[in-house]
Amino acid sequence: MDQSEHGIRTDFKEDMTYGDYLHLEKLLDAQQELSGHHDETLFIIIHQVSELWMKLILHELRAAIRHIDSDDLQPAFKQLARVSKIQEQIIKAWDVLATMTPAEYMEFRGALGNASGFQSFQYRLIEFTLGYKTPHVLAIYEKDEKLHEELLDAYRSPGLYDAAIRKLARSGFTIDLDVLDRDPEESHESDASVEEAWKEVYRNTPRHWELYQLAEKLVDIEDWMQQWRFRHMKTVERIIGFKKGTGGSSGVSYLKRVLDHSFFPELWAIRSEL
Ligand code: HEM
């Protein structure tokens with residue numbers, strides 16, 4: 001066996017290396033610039049890194065839902081805390097992208113055609129898992145049966161907030177049946193019984209400590225999600241001003257509108273009433 005002078009193995013003819021394990025050949029071969037312009041590499045990598053982090057966010061969110069559904073809140077808290085930390089990372093990524101000027105972006109924007117983050121499959125999966133259901137995006141994935149099925153499945157399934165509300169009901173709070181039996185294909189709408197339940201949790205935190213912790217973890221996730229949306233919108237304004245997006249939307253005006261959507265509205269509403 002070959003050993004370097006520090007006793008570290010250097011003979012990997014038979015064994016798996018770091019690169020084999022991580023499939024780095026595939027991963028590092030996936031940056032195929034179309035324009036030949038220097039800054040396109042940054043543009044591709046920032047999207048790919050964001051998509052990798054989104055993969056982990058989904059993995060953690062799905063596990064957290066399973067844990068909440070089985071009344072096992074401690075592991076769910078750990079998973080939700082991890083989601084927030086990842087969100088912090090992808091928000092910081094905007095600082096790297098903001099080093100790209102409008103002039104640099106214009107060098108390769110034409111090569112993108114109609115491709116846009118609007119078509120990000122995993123971003124929609126995250127929104128669906130958080131309970132924000134936008135049926136108009138489903139058609140984008142019709143050309144890929146597997147993706148379309150996976151997205152439809154998330155679209156038709158209850159999300160993280162449904163799991164939290166069911167947990168409120170199991171903990172003895174009176175939640176309207178309309179909410180508990182709601183159609184998961186619709187986005188969650190603010191409900192008075194859910195608001196009352198959260199209010200009680202926040203008014204008596206020692207008694208409802210676990211639910212209080214759950215609520216704050218959800219607020220963290222929505223807070224970071226909004227910060228991500230805000231930084232995206234501002235970075236886009238910095239780079240393309242008020243031009244239309246490659247996906248065909250009005251651009252910054254569309255991204256500002258999306259900011260109005262709240263995932264867990266009652267958890268924000270109660271803050272004015274405590
Ligand atoms: C120069 C950089 C970027 C520009 C100019 C840009 C521009 C835009 C615009 C204008 C939209 C609205 C849809 C459209 O008309 O295309 C959009 C949507 C979106 N972009 Fe970006 N973007 C950039 C970087 C990124 C990055 C790094 C990500 C990370 C994955 C991303 C993810 C998304 C997502 C998920 C949407 C959908 C948002 C929603 O519908 O709520 N974008 N982008």
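The exercises below work through a predicted model of a protein chain with a ligand, from its overall fold to its pockets and its cavity. Because the model is predicted, local features need pLDDT of at least 70 and side-chain atom pairs count only at pLDDT 80 or more, while totals for chains, interfaces and linings use all residues. Residues are numbered from 1 along each chain as its sequence is written, and side-chain values use heavy atoms, with hydrogens and water left out.

**Exercise 1. Describe the fold of the protein chain.**

Step one is to list the elements, where helices (H or I, at least four residues) and strands (E, at least two) are DSSP runs, numbered from the N terminus. The protein chain has 13 helices and 0 strands. Step two is to look at the extent of the chain, whose C-alpha trace spans about 60 × 55 × 35 Å along its principal axes.

**Exercise 2. Find which protein atom is the donor of the iron atom of the ligand.**

Begin with the donors, which are N, O and S atoms within 2.8 Å of the metal (3.2 Å for Na, K and Ca); water is not among the atoms, so sites may look incomplete. The only protein donor of the iron atom is NE2 of His-232, at 2.2 Å. To place this residue in the fold, note that His-232 is found in helix H11.

**Exercise 3. Describe the shell around the ligand and its polar contacts.**

Second, sort them by class, counting Ala, Val, Leu, Ile, Met, Phe, Trp, Tyr, Cys and Pro as nonpolar, Asp, Glu, Lys and Arg as charged, and the others, Gly among them, as polar. The shell then divides into 16 nonpolar, 11 polar and 1 charged residues.

Third, look for polar contacts, which are pairs of N or O atoms within 3.5 Å; within protein, one must be able to donate a hydrogen and the other to accept it, and residues adjacent in sequence count only if both atoms are side-chain atoms. A polar side-chain atom of Ser-116 lies 2.7 Å from an oxygen atom of the ligand, and a polar side-chain atom of Arg-124 also lies 2.7 Å from a ligand oxygen atom. From Gly-247 a backbone N or O atom takes part, at 2.8 Å from an oxygen atom of the ligand. The elements that give two or more residues to this shell are helices H3 (40–69), H4 (73–97), H6 (121–129), H11 (209–240) and H12 (252–258).

**Exercise 4. Work out where the ligand sits, and describe that space.**

On a 1 Å grid over the protein atoms alone, a cavity is a set of points where a 1.4 Å probe fits but cannot get out, and a pocket is an open set with protein on both sides within 12 Å along at least five of seven lines; lining residues have an atom within 4 Å of a point. A molecule sits in such a space if more than half of its atoms lie within 2 Å of its grid points, and by this rule the ligand sits in the largest pocket. The largest pocket has a volume of about 1,200 Å³, where grid points are joined across faces, edges and corners, and a volume is the space filled by probe spheres set on the points. Of its 44 lining residues, the closest to the centre are His-47, Ser-116, Gly-117, Phe-118 and His-232. H3 supplies the largest share of the lining, 8 residues.

**Exercise 5. Describe the largest cavity.**

The structure holds 1 cavity of 30 Å³ or more, and about 120 Å³ of space lies in the largest cavity. Its lining has 15 residues, with Ile-57, Ile-90, Tyr-123, Ile-126 and Met-225 nearest the centre. By class, this lining has 13 nonpolar, 2 polar and no charged residues.

Definitions and conventions
A residue is near a molecule or strand if one of its heavy atoms lies within 4 Å of it.
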